[in-house]
Amino acid sequence: MKILLVNPGLNPKRLGSYWRFTTAVPPTGLTYLGAVLLRDGFNVRIYDQHAVHEDNEALMAIIREYQPDVVGFSCLTFVMETVEEASRLIRSYDSKIKILAGNIHATYFPKEMIEQEIADYVIREEGEEAILAICRGLRDGKHPDEVPGTTTHSEGKVKHNSTPALIDLESLPYPAWNLLDGYAYDPDPLRIAPLRSKAQPLAIQGSRGCPFACTFCSQDTMYKRVRVRSPESVCNELEYVHHTYGTTVFGFIDAIFPLSPKQGHAFADEMIRRGLHKKVVWFTETRVDLVNYELLKHLKAAGLKFIQYGIESGDDMVLQRLMRKKTGVNQARLALKWTRDLDILSFGLFVVGMPGESREQILKTIQFAKELDPDIAKFNVAIPFPGSELWERFKHRVQGQPYWKYSGWYNANINDSDNILAGDALPTKELMYLQRRAMFEFYTQPHVMRRYFIEGMVPLDVLAEGFYVMISELARSVFPYARTQISRMAA
Ligand code: SF4
């Protein structure tokens, strides 16, 4: 039986000039699913539509050539336009092909996806065991309508099966990276010269889930409870992938790694004991309250090169009350100082535009980012993604509307009517301007320009493209914002 797993592409029209700056990284989730299916004897292919920037005509050409029995889509909210269209095309080509949908959007909207006939089976939460059970059932000629953790149709009704048991991470096979042979991924997904390598950087997963509950995050939609792999298990996989594919750069895809100093020290000990710290380097994301100087020093000795921190805001009230982040600005100051003192590259992630956040608080965040001085900074606009607490508060405003409205900020030409938070956060045009201004203010500081242009931290081609996007986006946002300010003054 043949199974085609699809990583759907974004709609370039909505992204404007940001489209040029999207990067494609190997879709780890699909390689886990592929590995589980291959182990059971299925014939599997992955089509990474996002990586090749192709449309659904190209997908249909692959389907006509491969003749799959099952097509499975990884469904995030902002690719749902692509998935809906692909599903219609597949059904009109061959109604016998079964369509599966998984990932966060499908987990959150299983009933709608079955009712609208976008999918025959929706896999909620983690997919490895459910996809295997569905495909085994189909291979046996049945309609597997009782698989835990799935939603399907039965006797003309939507059937919502029980919640799946949590997956034991150590029972999973390693991701089947060979299913991605032939794809030329970005060798530098983080755009940082020191992390460039000859072999493709690959992902590693040390845990699933996050014990925190920030209001803008939908992490717990997929992973209901935290599970952690042992350091031995993670290092076994690193060794295997290094020897098999020649990989020398790894990125942890955990929500947070390490989740505690204890886990971090144990992992670092194992890396050093095996000598892996001399063969590979790695990067990760964590929280500013989960590191200390000794831990960072140990992790650096074990190969840590680059660390991303979810700093989010420069205002404690925003952090505590609006985001429920449970970190403080002083913890961020310390974490960034230790990171810099140890010569580890840092990436500060910030969020602006929370409901209730003022202009002054956003300006404070911009100043704070400049004060902390991470090597790279990114300012995201708060989006109430399905599954997040923000979504629960505001979902009534967009339900029943086209999927892309759920994440209006992926539309580069967004205005108030497409912004689910309009009226509760700053006006859309002002927010758009402030986000662009944050990027501009941060990256045009003389010492940051020197770091990039003279010290060569980012390759020149990437730099040129980044500056082009930043300046054109700022210019594009200034005039609509100025117009709204003038009309406000005139009123
Ligand atoms: S933002 Fe980070 S710390 Fe907060 S819930 Fe999401 S993954 Fe966890």
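**Group meeting: strands, a packed helix and a surface patch**

Let me begin with strand β6 (residues 150–154) and strand β7 (residues 157–160), which pair in the antiparallel sense over 4 bridges, where helices (H or I, at least four residues) and strands (E, at least two) are DSSP runs numbered from the N terminus, and two strands pair if DSSP finds at least two bridges between them. What we are looking at is a predicted model, in which local features need pLDDT of at least 70 and side-chain atom pairs count only at pLDDT 80 or more, while totals for chains, interfaces and linings use all residues. Residues are numbered from 1 along each chain as its sequence is written, and side-chain values use heavy atoms, with hydrogens and water left out.

Staying with this pair, T151 has H160 in β7 as its bridge partner. The two strands form a hairpin with 2 residues between them, and E155 in the turn has a positive phi of about 50 degrees.

Now to the open sheet, which is formed by 6 strands in the order β8-β11-β12-β13-β14-β15 with parallel pairing. Its edge strands, each pairing on one side only, are β8 (202–204) and β15 (376–381). From one strand to the next, the twist averages 20 degrees, with axes being lines fitted to C-alpha atoms, for helices over the stretch in contact, and angles running from 0 to 180 degrees between N-to-C directions. Within this sheet, β13 (residues 304–312) is joined to β14 (residues 345–352) by 6 bridges, the two running parallel, and G310 has L349 in β14 as its bridge partner.

Helix α15 (residues 359–372) packs on the sheet, where it touches β13, β14 and β15, and its direction makes about 175 degrees with that of β14; contact here means heavy atoms within 4.5 Å.

Which residues does Q361 touch, not counting those up to four places away in sequence? Q361, found in helix α15, touches D315, M317, V318 and G356. Q361 is buried, with a relative accessible area of 11%, where buried means under 20%, exposed over 50% and partly exposed in between (1.4 Å probe, protein chains only).

Finally, the surface: F453, I454 and L460 make a nonpolar patch of about 360 Å². Patch residues have over 30% relative accessible area and no salt bridge, with like charges joined within 9 Å and nonpolar side chains (Val, Leu, Ile, Met, Phe, Trp, Tyr) within 5 Å; a salt bridge is a side-chain nitrogen of Lys or Arg within 4 Å of a carboxyl oxygen of Asp or Glu. Accessible areas come from the Shrake-Rupley method with a 1.4 Å probe, and for residues only the protein chains shown count as cover. F453 lies in helix α18 (residues 446–454) and is partly exposed, with a relative accessible area of 42%.
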